[in-house]
Amino acid sequence: MNIEDFRAYCLSFKGVHEKLPFGKATSEYDRNLLVFYVLDKWFCFVNIDVFDFCDLKCPQEQITELQERYEGVRPAYHMNKQHWISVCFDSDVPDDKIRELVRQAYDTVVASLPGKQREELKNL
């Protein structure tokens with residue numbers, strides 16, 4: 001998987017847009033974090049230059065299982081470790097599983113949206 005394919009996949013979901021919101025961060029790594037939003041909520045972010053891992057929103061009950069199964073699933077970088085995971089690209093996590101986890105992250109955030117916003121998404 002490469003950054004272009006990953007980005008295209010994230011943007012393929014309804015209501016998703018992207019931003020580089022950390023332009024004033026002190027770290028170059030953080031300045032290059034591309035965040036994917038569904039409406040105004042994050043579900044994923046990745047460094048566009050290094051492309052070493054992504055952070056994904058994850059149902060709390062799956063985090064431990066994923067971390068035990070895959071060496072490439074770790075506690076989330078700079079995020080609440082009860083709701084987010086980091087998934088390393090060059091690891092034992094297959095690309096299909098990464099895509100599944102991205103889709104799940106999107107679906108998790110959509111499910112948490114107020115009903116009015118979920119309806120808005122359906123109409124996009």
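Predicted model: local features only at pLDDT ≥ 70, side-chain atom pairs only at ≥ 80, totals over all residues.
Local features need pLDDT of at least 70 and side-chain atom pairs count only at pLDDT 80 or more, while totals for chains, interfaces and linings use all residues. Residues are numbered from 1 along each chain as its sequence is written, and side-chain values use heavy atoms, leaving out hydrogens and water.

**Exercise 1.** Work out where Cys58 sits, whether Cys58 is buried or exposed, and which residues Cys58 touches.

*Solution.* 
- Start with the place: Cys58 is in the loop between strand E4 (53-57) and helix H3 (60-69). Helices (H or I, at least four residues) and strands (E, at least two) are DSSP runs, numbered from the N terminus.
- Next, accessibility: Cys58 has 3% relative accessibility, so it counts as buried. The cut-offs are under 20% relative accessible area for buried, over 50% for exposed and partly exposed in between (1.4 Å probe, protein chains only).
- Finally, neighbours: leaving aside residues up to four places away in sequence, Cys58 touches Ile63, Leu66, His83, Trp84, Ile85 and Gln104. Contact here means heavy atoms within 4.5 Å.

**Exercise 2.** Classify the ring pairs that Tyr106 makes with Phe13 and with Phe43.

*Solution.* 
- Grab the rule: rings of Phe, Tyr and Trp (its six-membered ring) pair if their centres lie within 6.5 Å, with planes under 30 degrees apart stacked, over 60 edge-to-face and the rest tilted.
- The whole structure has 16 aromatic pairs. In one of them, Phe13 and Tyr106 have ring centres 4.8 Å apart and planes at 25 degrees, so the pair is stacked.
- That pair links distant parts of the chain, with Phe13 and Tyr106 93 residues apart.
- Now Phe43 and Tyr106: at 5.6 Å centre to centre and 80 degrees between the planes, this pair is edge-to-face.
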